Number of protein chains: 2
Amino acid sequence: MTGIMAESVADTTAEEVDAAVAAAAAAAGPWAAMELADRARILHGIADRLDAHADVLIPLAMRETHLAEPRLVGELQRTSFQLRLFAQTVLDGAFLDVRIDTADAEWPMGAPRPDLRRMNIPLGPVLNFAASNFPFAFSVAGGDTASALAAGCPVIVKANPGHPALSLAVGRLVDEAFAECGAPAGTVGLVFGRDAGVQVLTHPAMAAAAFTGSTAGGRALYDLACRRPVPIPFYGELGSINPVFVTAEAARARSAEIAEGLLTAVSSNAGQVCTKPGLVVVPADSAVLSDLVELIRTRPVPTGEMLNDVIAAGFAAAVEQVRKHPNVQVLAGGGPGEALLLATTARTVLADLNELMHEMFGPATLLASYRDTTELLELARAVDGQLTVTVFGDRADDTTRALLTAAAGAAGRMLWNSWPTGLSVTYAQQHGGPYPATTTPATTSVGTAAIARFLRPVAYQSVPDELLPPELRTDNPLGIPRSVNGARPQ
Amino acid sequence: MTGIMAESVADTTAEEVDAAVAAAAAAAGPWAAMELADRARILHGIADRLDAHADVLIPLAMRETHLAEPRLVGELQRTSFQLRLFAQTVLDGAFLDVRIDTADAEWPMGAPRPDLRRMNIPLGPVLNFAASNFPFAFSVAGGDTASALAAGCPVIVKANPGHPALSLAVGRLVDEAFAECGAPAGTVGLVFGRDAGVQVLTHPAMAAAAFTGSTAGGRALYDLACRRPVPIPFYGELGSINPVFVTAEAARARSAEIAEGLLTAVSSNAGQVCTKPGLVVVPADSAVLSDLVELIRTRPVPTGEMLNDVIAAGFAAAVEQVRKHPNVQVLAGGGPGEALLLATTARTVLADLNELMHEMFGPATLLASYRDTTELLELARAVDGQLTVTVFGDRADDTTRALLTAAAGAAGRMLWNSWPTGLSVTYAQQHGGPYPATTTPATTSVGTAAIARFLRPVAYQSVPDELLPPELRTDNPLGIPRSVNGARPQ
């Protein structure tokens, strides 16, 4: 034990927060200076410990979150995989974006070009606000922590109040992995309580923050980050409706299949995922609606319990806002453990975007029927910032192309004939999007590119080899991929 | 003429601003959709026009800015070179950061990996607040405009009040280049006046802003950008002291050479460059100080005139703040057309960082003498966010390494035995740094990496080839470098 990790789930005191931040600040230099191989080894150490303690962690997570065992087993697998993928990213070295300009007396700028060598370095201590809905993958040892550690940054996790005991248990495993490898004490800290989170966020020693949660909460914290005397980047994922557009051809060809996929996407995990489709735009004359009604009657998909009472109350309030609209009806469902399907028209949504483009974080979705392509495209173009936009279609025609163009304008990820839930951790993943989906649409919080959020470049001008970091030395002792004089990295 | 560019240097009216923003918003789609080769051709067209009209532009710039002819000739050359370098960057395509994951049923995350294809797309209309001190390179057709256009974003330039006629003349040349190539009208707009700048910054259609100027002005605009209902990135370069640390060995070996280089760096362009060294830390017993005094007496370097009365008044006030400190003396200079050298001790600076670490935007610098290595390193570690930190040294010893480590923590660029003025436009350049040097230390405003500020990634999941943009199609028709399944880009 390093002595920095919280000892209990009680709210962290102001003095304890100060100690955790001081420890993270003290660890920043040593952690950044550790060899990449050591950094990777520690990420593996955390992953191995998570896997080895699944028998303790899964029951704890089930008790605190009410999520089903198979889902949590899969999430834990995803989380340890994610740590190992970031270890691979660290060893590969491309994330350093090393660029070397050799001195050039003939550089056509009008003045000789000096020797310039540029690489990414860690930003410094990162605050990670853990999320409620993925107690492993977006929590203490989740993606934000993994990517910040991979970048070379210490991390302070503000535990989510929805799974405090699990947070503490995972924190101790992380701590053990650091202690075993002789890594700097205090590289990862854990604090509890809203006040502690704000105190860390506004502490001068912090360099960045990551957040996954509600729009209101995220915006308030974003504002605090911007108003600091020294502002810091706040990578906030705030909320998303994840609209789905179904073309007439797709509805005709596969209405039953689409209905079934939608019901599963809305019901699974009680709809408590950031990519749950919350608005599904279908042709007015299609069978998708009747197929859904039939399906929920004959072959319902159980939703499972909500994460906790706070989330359940927020869901009920969000549903109420949409349902009370005079042109919104209950199509089907809504019974105990059953998804709620609301119905309206595309015209109604267009007339009341603020009221109806509203995230319902739970097992509900709004089906909006359109009469013609004009309405379909008008609604697609009215969509604001989203994590995902999905198109079900059959043909590469003008309507489809217009839908995909609108989707690219609104979202970070667009999908074709598949559902946005189930987010793969990969090299090309993009989990982010224009505001309000995120506060920083140029970044991703999932996938290997997430490491970029916690780096900044520095250039060394005319510094001799013996004073350069190994990544920039002429003989490239670490074998890092580098771009020399603008050429593609080798 | 596209009809969007301002017709006079009078303050742009609110209606004219609305028209310019509407035109930029309308141009965003068509400009983003232009083929990369066409985008590059227009950047060349602007560069060619700047070069061809040097005989008109240089005298205009001399009259409005009081900068010397050779400097302006060099700056114009740098500006057209920069446009052509961004054209090359566009054609190369690496800036798109294309990543492709092929579908993989065995992906060890616990679920099959879908086909995911990710690339950068333009953010949307960009506001560029032009700077006073580089009427070509950081103004209407300067680096921010060039990099935003290269990224595929329309640009609205808020003209700097210090060179309005030149701004208008350059704006017309830009306009001609667009018109000739049949590019969308309104892709580049030009507005005059502080109110117009604020109106554009807070307009819902704008997607990002770039700024080079004072800390107070930049912070106020940054705050506006963050407080928008939909916040946008604000890439602000706000001010820098650019400290220089001279080790005892370097001072002993080359005091006259260092004194001469410093006097040139402080005097050139009347010290009105963002990388002018404003704090020079030298050994107390060295000859650097006496050499400077001797030099300024026998072989002074003329500073030339200040850009304008506003800049001159700001410089006088900043100098006064430093000079009035009881432990600061005038070492030499300060006469008409002569640099001002102030002197104090490292101890004094450490005791009064807020008062003495203060940018004097003009031909002045503060020399701080240290008695021992402890004081030297203490001051190096106390430095806050800077564009550059410079070390003059002779040996790869512990002191030098500690200085470079402190420099990397504080600055975006560090230099060894050379002066930070004279900023090369290259592939590996980094012109940025921790706050208050910039509001976004992870970005650069100079060099080819500046294009990244105006892009965001999107991922296409399971989208068939015929519906993908050409950059992401399996047969790679444009020959863009791409990373497939995590491998190095080919």
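**Helices and fold in chains A and B**

Modeller: In this predicted model, the helices α14(A) and α15(A) are roughly parallel to each other.

Biologist: At what angle do helix α14 and helix α15 of chain A pack?

Modeller: Helix α14 covers residues 373-382 and helix α15 covers residues 398-410, and their axes are 9 Å apart. Angles under 35 degrees count as roughly parallel, and the description of this pair as roughly parallel therefore rests on a packing angle of about 15°.

Biologist: Which charged residue takes part in the contact of α14(A) with α15(A)?

Modeller: From α15(A), the contact is made by A:Thr399, A:Ala402, A:Leu403 and A:Ala406, while α14(A) brings A:Thr373, A:Leu377, A:Ala380 and A:Arg381. These residues divide into five nonpolar, two polar and one charged.

Biologist: In chain B, are α3(B) and α6(B) roughly parallel or roughly antiparallel to each other?

Modeller: Helix α3 (residues 54-65) and helix α6 (residues 164-180) of chain B have axes 8 Å apart and pack at an angle of about 155°. Angles over 145 degrees count as roughly antiparallel, so α3(B) and α6(B) are, in relation to each other, roughly antiparallel.

Biologist: How many nonpolar residues does the contact of α3(B) with α6(B) have?

Modeller: The crossing of these two helices, α3(B) and α6(B), is left-handed. On the side of α3(B) there are B:Val56, B:Leu57, B:Leu60, B:Ala61 and B:Glu64, and they meet B:Ala165, B:Leu166, B:Ala169 and B:Val170 in α6(B). By class, the contact has one charged residue and no polar residues, and its count of nonpolar residues is eight.

Biologist: Which strands are included in what covers the buried residues of α7(B)?

Modeller: Helix α7 of chain B spans residues 194-201, and its buried residues are B:Ala196, B:Gly197, B:Gln199, B:Val200 and B:Leu201. What covers them includes the helices α1 (14-33) and α8 (215-227) of chain B, together with the strands β3 (126-129), β4 (155-158), β5 (188-191) and β6 (208-212).

Conventions
Residues numbered from 1 in each chain as written. Chains lettered and ligands numbered in written order. Predicted model: local features only at pLDDT ≥ 70, side-chain atom pairs only at ≥ 80, totals over all residues. Axes fitted to C-alpha atoms, helices over the stretch in contact; angles between N-to-C directions. Helix = DSSP H or I, 4+ residues; strand = E, 2+ residues; numbered from the N terminus. Parallel < 35°, antiparallel > 145°, perpendicular 65-115°, else oblique. Contact = placed C-beta atoms within 7 Å. Nonpolar A, V, L, I, M, F, W, Y, C, P; charged D, E, K, R; others polar. Buried ≥ 20, exposed ≤ 12 C-beta atoms within 10 Å, placed from the backbone. Left-handed = near helix turned anticlockwise from the far one by under 90°.
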